[in-house]
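This report describes a protein chain for a reader who has its sequence and its three-dimensional structure at hand. Please keep both in view while reading.

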Amino acid sequence: VGGFDVTKGPINQDFMYLTPQTSNNGQYNTFLGYGSGHSMTTGKENVILGVSAGYKNTTGGQNVFVGKCAGYYNKTGYYNVIIGWSDLSKYPWTTPTDLGDANTLIGYSTSIGVTGDENTILGNLAGQSLTTGSYNCIFGSTAGQSLVSGNGNVMLGEEAGINATGQENVFVGGAAGSSNTSGDFIVISTNHEGCFVPRFAWFSQ
């Protein structure tokens, strides 16, 4: 609890990892939990709570990681908010080398390995496979679960866009667009399929 500094002395280490405010390394960090912030070097102003949360973070700063293994793969990313238990065994792709910036991820194993930026994802296993995709808004349990690199998608509802891999889709409703695997569609539905409307056609009318 308190500031963690790689140059801390034995006394500081004994007293709950508190370091002086004049430190140039890892200033103003707050860690709580076994292995939290384990690899920190010069990252500043992070709040990391939970077993192995922010484990690989080195220079990333101004992040909030709460939950077991939350933000585990982040090294240099900034401004991320990740809340929820991250089950690393649920990540289906190659282990990421880092995370992106300014992502807000809330839920069980939500977008564990996202390297893209400015995604907002909420829900159990939502956006589970997302890696390089950016600017996506995904809300709902398992929504956008197959999305890997698509950008600018909006998926609202349980299983909305669950199989989609494209970009700039809008899926609203439970399982809306669940059979869609491409991009540029708008689907508003209260059932599994709904009506697919090509986005370019929608805006050309």
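Predicted model: local features only at pLDDT ≥ 70, side-chain atom pairs only at ≥ 80, totals over all residues.

A polar atom in the side chain of Asn-29 lies 3.4 Å from the backbone nitrogen of Glu-45. The side chain of Asn-29 also reaches the backbone nitrogen of Asn-46, at 2.9 Å. Asn-29 itself belongs to the loop between helix H1 (10–14) and strand E1 (30–32). Is Asn-29 buried or exposed? Its relative accessible area is 0%, so Asn-29 is buried.

**The chain as a whole**

The protein chain contains two helices and 11 strands. Read from the N terminus, the order of the elements is α-β-β-β-β-β-β-β-β-β-β-β-α. The chain has 205 residues, and buried residues make up 46% of them. Among contacts with a separation of 6 or more, 8% are between residues 24 or more positions apart.

**The loop between E7 and E8**

Gly-144 is placed in the loop between strand E7 (137–139) and strand E8 (154–156). Gly-144 has a relative accessibility of 0% and therefore counts as buried. Which residues does Gly-144 contact, leaving aside its neighbours within four places in sequence? They are Gly-127, Gln-128, Ile-138, Met-155, Ala-160, Gly-161 and Ile-162.

Gln-145 is found in the loop between E7 and E8 as well. With neighbours within four places in sequence again left aside, Gln-145 is in contact with Leu-125, Gly-127, Gln-128, Ser-129, Gly-161 and Ile-162.

**Separations between C-alpha atoms**

| Pair | Separation along the chain | C-alpha distance |
|---|---|---|
| Gly-144 and Ser-129 | 15 residues | 8.3 Å |
| Gln-145 and Ala-164 | 19 residues | 8.0 Å |
| Ser-89 and Ser-109 | 20 residues | 9.3 Å |

The side chain of Ser-89 makes a polar contact with the side chain of Asp-87, at 2.6 Å.

**Positive phi angles**

Phi is a backbone angle to examine next. Where does Glu-159 lie? Glu-159 is in the loop between E8 and strand E9 (170–172). Its phi is near 65°, which is a positive value in a residue other than glycine. With a relative accessible area of 30%, Glu-159 is partly exposed.

Ala-175 is located in the loop between E9 and strand E10 (185–188). Phi of Ala-175 is near 60°, again a positive value in a residue other than glycine. Ala-175 has a relative accessibility of 3% and so counts as buried.

**The cavity**

How many cavities of 30 Å³ or more does a search of the whole structure find? The search finds one. The largest cavity has a volume of about 50 Å³. Its lining consists of Cys-69, Gly-71, Tyr-72, Tyr-73, Ile-82, Ser-86, Leu-88, Leu-99, Leu-105, Thr-110, Ser-111 and Ile-112. Sorted by class, the lining has eight nonpolar residues, four polar residues and no charged residues.

**Cysteines**

Cys-69 is one of the residues that line the largest cavity. With a relative accessible area of 11%, Cys-69 is buried, because buried means under 20%. Cys-137, by contrast, has a relative accessibility of 31% and counts as partly exposed.

A disulfide is a covalent bond between the sulfur atoms of two cysteines. To count as a disulfide here, a pair of cysteine sulfur atoms must lie within 2.5 Å. How many disulfides does this rule give? The count comes to zero.

**Review**

Terms used
Residues numbered from 1 in each chain as written. Heavy atoms only, no water. 1 Å grid on protein atoms, 1.4 Å probe; cavity = no way out; pocket = protein on both sides within 12 Å on 5 of 7 lines; lining within 4 Å. Points joined across faces, edges and corners; volume = space filled by probe spheres on them. Nonpolar A, V, L, I, M, F, W, Y, C, P; charged D, E, K, R; others polar. Buried < 20%, exposed > 50% of the residue type's maximum accessible area, 1.4 Å probe, protein only. Helix = DSSP H or I, 4+ residues; strand = E, 2+ residues; numbered from the N terminus. Contact = heavy atoms within 4.5 Å. Polar contact = N/O pair within 3.5 Å; in protein donor to acceptor, adjacent residues only side chain to side chain.
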